[in-house]
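Visitor: Could you take me on a close look at one part of this structure, the place where the two chains come together? I'd enjoy a connected tour.

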Amino acid sequence: MRPEWQTIIAILLMTLATYATRVGGLWLASRLPLSGRVEAWLGYIPGAILVSLVAPVVVSGGLVEALAALAVVAVALKTGNLLASMLTGVGAVLILRTVIG
Amino acid sequence: MPEKTGRTENRPANDTVTFTLNGALRGARMCAPIAASGFAIGLVFGVLARQAGLGAGEATLMSALVFAGAAQFVVMGLWASPVPVATVVLATLIVNLRHLLMGAALAPYFTGLSRLKAYGSAFFMADENWALAMGEFGKGRQDAAFLIGGGLIMCASWTTSTLIGGSLGNAISDPARWGLDFAFTAVFLALLCGMWRGRRDLLPWIVAAAVAVAAERWLPGQWYILLGGLAGSLAGVARRAA
């Protein structure tokens with residue numbers, strides 16, 4: 001298939017838009033005076049983002065996702081091992097979907 | 001909680017932040033399992049892109065340059081001929097707005113580094129390597145090259161799998177059948193376990209969860225990540241100030 005110019009332009013503009021979001025926060029926050037409050041806010045962001053990424057999957061996903069999430073948390077707390085936790089989650093979902101449907 | 005899961009004490013000390021090859025290699029190693037799961041998703045993206053009317057080369061170019069899975073999937077749903085360029089770019093921007101917040105959280109660790117290192121690393125910031133990097137930094141292993149190391153291996157996997165998926169064009173089964181769709185959720189959950197800093201995180205996490213679940217249910221697209229992240233982090237600061 002021959003590349004079409006609209007497609008290439010769309011891809012380049014998508015690249016620009018995405019890169020703007022990737023550097024924008026870093027650029028702005030680098031210019032904020034790092035007061036105690038700003039620093040505390042930045043410190044709360046990672047946990048809040050991760051909770052936001054997983055909560056809808058776990059809460060709205062159904063029994064399979066909820067049980068698999070419990071298994072992942074148990075392995076993560078017990079071993080602290082990221083790979084083991086990931087494999088547990090994938091394995092649990094695979095088995096539970098077969099069993100529960 | 002056992003000590004080995006670590007503590008996230010947000011105490012960025014710029015003078016202790018390094019940027020070494022070893023840090024990049026550690027990032028690549030730790031992100032490798034995630035890159036492997038991403039490979040399966042990239043195959044599916046390649047197939048979808050072909051069905052939406054992109055050539056394999058165009059789809060591969062998009063994966064290499066845009067390197068943002070969620071946005072790329074959303075855009076494939078909007079793709080048409082001629083390409084609705086404005087719609088596609090706006091959708092990309094909206095889906096990726098969460099990056100603003102993620103980049104802000106990186107700032108304390110990257111401000112002491114050169115612009116090339118900081119803004120070059122940011123090009124490869126995705127949800128997963130960012131989350132792992134924040135976990136590392138929080139445990140005191142403050143080598144900022146971790147982010148780009150993880151990002152490079154993920155981008156390589158994402159781009160290669162898009163090319164393969166786009167070239168095969170079909171016969172790729174649904175990753176959900178193999179439980180692979182849950183791989184990222186599992187990684188995020190495991191990282192969260194290590195990020196718990198004690199009771200002060202309880203309120204922000206509850207607020208983030210409640211807002212994200214509600215937003216995911218009632219708003220279109222990916223607004224729930226940004227809104228949950230904003231609401232949760234602001235709740236943390238508000239409680240601290242009160």
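To begin with, how many helices and strands does chain A have?

Guide: Happy to! Please keep in mind that this is a predicted model. Chain A has 4 helices and 0 strands, and along its sequence the pattern reads α-α-α-α. The radius of gyration of chain A is 20 Å, whereas a compact globule of 101 residues would have one near 13 Å. Taken along the principal axes, the C-alpha atoms of chain A fill a box of roughly 55 × 50 × 25 Å.

Now to the meeting of the chains. In the contact between them, 64 residues of chain A are in contact with 83 residues of chain B. Sorted by class, the side of chain B that touches chain A holds 58 nonpolar, 17 polar and 8 charged residues.

Let's follow helix H2 of chain A, residues 36-60, into this contact. One of its partners is helix H9 of chain B, residues 183-195: the two pack at an angle of about 140°, and their axes are 9 Å apart. H2(A) and H9(B) are therefore oblique to each other. The way H2(A) passes H9(B) is a left-handed crossing. On the H2(A) side, the contact is made by Pro46(A), Gly47(A), Leu50(A), Val51(A), Leu53(A), Val54(A) and Val57(A). H9(B) answers with Thr185(B), Phe188(B), Leu189(B), Leu191(B), Leu192(B) and Met195(B). By class, the residues of this contact of H2(A) with H9(B) divide into 11 nonpolar, 2 polar and no charged.

H2(A) also packs with H5(B), at an angle of about 130° and with the axes 9 Å apart. That angle makes H2(A) oblique to H5(B), and the crossing of H2(A) and H5(B) is left-handed. Here Glu39(A), Leu42(A), Ile45(A), Pro46(A) and Ile49(A) in H2(A) meet residues of H5(B). Those H5(B) residues are Arg98(B), Leu101(B), Met102(B), Ala104(B), Ala105(B), Ala107(B) and Pro108(B). By class, the contact of H2(A) with H5(B) has 10 nonpolar, no polar and 2 charged residues.

Chain B is divided into domain 1 (16-195) and domain 2 (197-242). The centres of these two domains of chain B, taken over C-alpha atoms, are separated by 23 Å. Between them, 7 residues of domain 1 of chain B are in contact with 6 residues of domain 2 of chain B. On the domain 1 side, helix H3 (69-78), helix H4 (85-95) and helix H5 (98-110) of chain B each supply at least two of the residues that touch domain 2 of chain B. That side of domain 1 has 6 nonpolar, no polar and 1 charged residues.

The axes of helix H2 (residues 56-65) and helix H8 (residues 145-168) of chain B come within 8 Å and cross at roughly 165°. H2(B) and H8(B) are therefore roughly antiparallel to each other, and H2(B) passes H8(B) in a right-handed crossing. H2(B) contributes Ala56(B), Ala59(B), Thr60(B), Ser63(B) and Ala64(B) to the contact. From H8(B) come Cys155(B), Trp158(B), Thr159(B), Thr162(B), Leu163(B), Gly166(B) and Ser167(B). By class, this contact of H2(B) with H8(B) has 6 nonpolar, 6 polar and no charged residues.

In the loop between H2 and H3 of chain B sits Phe67(B), which has a positive phi of about 45° although it is not a glycine. The loop between H3 and H4 of chain B holds Pro82(B), and a cis peptide bond joins Ser81(B) to Pro82(B), with omega at about 0°.

Technical notes: Residues are numbered from 1 along each chain as its sequence is written. Chains are lettered from A and ligands numbered from 1 in the order in which they are written. This is a predicted model: local features need pLDDT of at least 70, side-chain atom pairs count only at pLDDT 80 or more; totals for chains, interfaces and linings use all residues. Axes are lines fitted to C-alpha atoms, for helices over the stretch in contact, and angles run from 0 to 180 degrees between N-to-C directions. Angles under 35 degrees count as roughly parallel, over 145 as roughly antiparallel, 65 to 115 as roughly perpendicular and the rest as oblique. A crossing is left-handed if the near helix is turned anticlockwise from the far one by less than a right angle, and right-handed if clockwise. Two residues are in contact if their C-beta atoms, placed from the backbone, lie within 7 Å. Ala, Val, Leu, Ile, Met, Phe, Trp, Tyr, Cys and Pro count as nonpolar, Asp, Glu, Lys and Arg as charged, and the others, Gly among them, as polar. Domain bounds come from an automatic or database domain assignment. The radius of gyration is taken over C-alpha atoms; the globule rule is 2.2 Å times the number of residues to the power 0.38.
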